[in-house]
Every structure is written in C-alpha cells, then in structure tokens.
Amino acid sequence: MTVEMPALERTEAMAQRAPASRLRRYARPLLGLVLPIGLAALWELVVWIATTGPHGLPQPVWDWILWLGKNARLVPPPSKVFATITELVRSGELSRHIAATLTRVAAGFVLGVVAGTILGAISGYWGLARRLLDPTVQALRAIPSIAWVPLFILWLGIFETSKIALIAVGVFFPVYLGVMGAILSVDRKIVEVGRTFRLSGFAMIRRILLPAVLPAYVVALRVGLGLGWMFVVAAEFMGASEGLGYLLIDGQQLGKPAQILAAIVIFAILGKTTDWLIEIATAPLLRWQDAFGRQEGTA
C-alpha cells in the first residue's frame, strides 16, 4: 500500500495540472491581441471625446485630444474601419480582392521557395558554386523591389505573370540566404562524425545536414513569406483591377482613408494567419529541439 500511494498521488497531481496547462496553452495566443485591441480602443475613445466635449479633462490634455480629433478624417476610428470592412463583405468585393491577392502570394511564394531552396543548398554545399553564384545573388538582393517593376512589365507584360514573378523575387532572397547560411553554420564536428561512420552523400544530407538546417530554414520561410506580402503591394500597383493593393490605390485616389486602413488591417490579418500556418505545419519537424524558446513556451 505504501508503494502504491506515491504513484497515485502523482497521477492525481498530474490530472489536476492538466486543465490548467491546457488553459494556459489556449490563453497564451490571446495575449497577442491585447496590444492591437488596446490601441484601437484608445483611438476610438480619443475620437469620441474630441467629438463630444472635454468632459472635465485638463486643458493640455483636451488640446492634445482636440488636435488628434481634427485628424480623425484622415485616420478614422476603428468603428468606421470595421463598418467599411463590413460593407465590403456584404457587397462581395472583399472576398474577390482577398482571393486575387492570396492566389498571387501563394504562387509567388512557391516559386520563390523552390528557387531559393535549390540555389541556397547548392551554394551552401558546394564551395565552387558559392564562389560563382553568391556574389551575383547578393548584388541583386540590394536592388529595391520597385526597380524590378518596369523591367518585369517589359519582359512579362502587365498581367499576372509579372506580378507573380515580382513576389517570387521577394521570397527568393531570404530563403536562399537562410538555406546557404544554415548549411555553412553546421558544426564541423558533426560532419566529421558522419564521415567517420562513412555515411554516403545522401545519408550525410538526410541524417546530419537536414536536421541541422531545418530550424533556420523555417525562419527563412517565415521571413520570405513576410516579404512576399510586402512585394504583393508593389505587384498590384502594376495595373491590377482586383486585389488588396487595388483597394489601397482606389482608396487613395477617391480620398477614402477608411478603405485604405481596412485594406491594411486585412493585410495584417492575412499575413499573421499565413505565418501561423507555416509555424503549425513545421512544428512536428522541430519537436526534437531542446531549445530555450520551446521550454519557455511550454512552461
């Protein structure tokens, strides 16, 4: 009986800790909403006070709020931005624009990842290829995204091909640099151990290089996706008739700041959602990591 009691007590303690652990796991992502919701509520309150009166506030504070309230037309409150989004949803425009932008980002992301992964792996694994290829790639990486626009229009036309190519260029460079840098930073001692065990080239890549490169590769994918969302705006400036970038241009030309902010908010939501999907999809590949961040996240 005395032998079974500690095991029983441990089982009960684990059962009691499980709901609290699950609650913390579900509540932790909600902390990321505190800052944007708090800022939105603060701006809404400032605009409301500016339009209804000082409410006994000190004169310096009221002057500051009144100055901000005068700019409410250019920076509308969240309620007006939300009303604009709701109107776009009801008219069916929003789904059409989101679908067009998502399609372009997805196609450009896939092309950029494939090219960046292949060339980055070649440059990282083969010294001669790195000396031949890397200087040119690094020089091209310094070219601003907007500088590619007229060239792609001349080469590929003004339709979807040029837009996807521009997004692929934005995704390519961080993926290429991340893969090459990760391969070059693999611990030499681990590689020597593989050679000691006479691993073949494929076995060396599968059992040593690939696990060592994966964490940096995931980060490169996330950075490349972020740049893909940035480049899609420049891409949709190239004569697009639909897409979130088109909403930005349309709002600027027609003097609709609420529409511009609505497009920006949707960009932010879509960008964070796709980044989160990559994080979830690659999490099973990184379970072997005993890193500080993972330990902190499970605490």
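These entries cover a helix, its packing and the nonpolar core.

I am working with a predicted model: local features need pLDDT of at least 70, side-chain atom pairs count only at pLDDT 80 or more, and totals for chains, interfaces and linings use all residues. Residues are numbered from 1 along each chain as its sequence is written, and side-chain values use heavy atoms, with hydrogens and water left out.

Entry: helix α6. I checked its length (helices are DSSP runs of H or I, at least four residues, numbered from the N terminus).

Ala 129, Asp 134 and Val 137 are the buried residues of α6 (under 20% relative accessible area, 1.4 Å probe, protein chains only). They pack against α5 (93-125) and α8 (160-184), with contact meaning heavy atoms within 4.5 Å.

Entry: the core. I looked up the largest nonpolar core, which has 53 residues (buried Ala, Val, Leu, Ile, Met, Phe, Trp, Tyr and Cys joined through side-chain atoms within 4.5 Å). Leu 166, Tyr 217 and Leu 244 have the most contacts inside it. α10 gives the largest share, 15 residues.

I then followed Leu 244. Beyond its neighbours within four places in sequence, Leu 244 touches residues including Leu 94, His 97, Phe 267 and Leu 270.

Note on methods:
Buried < 20%, exposed > 50% of the residue type's maximum accessible area, 1.4 Å probe, protein only. Helix = DSSP H or I, 4+ residues; strand = E, 2+ residues; numbered from the N terminus.
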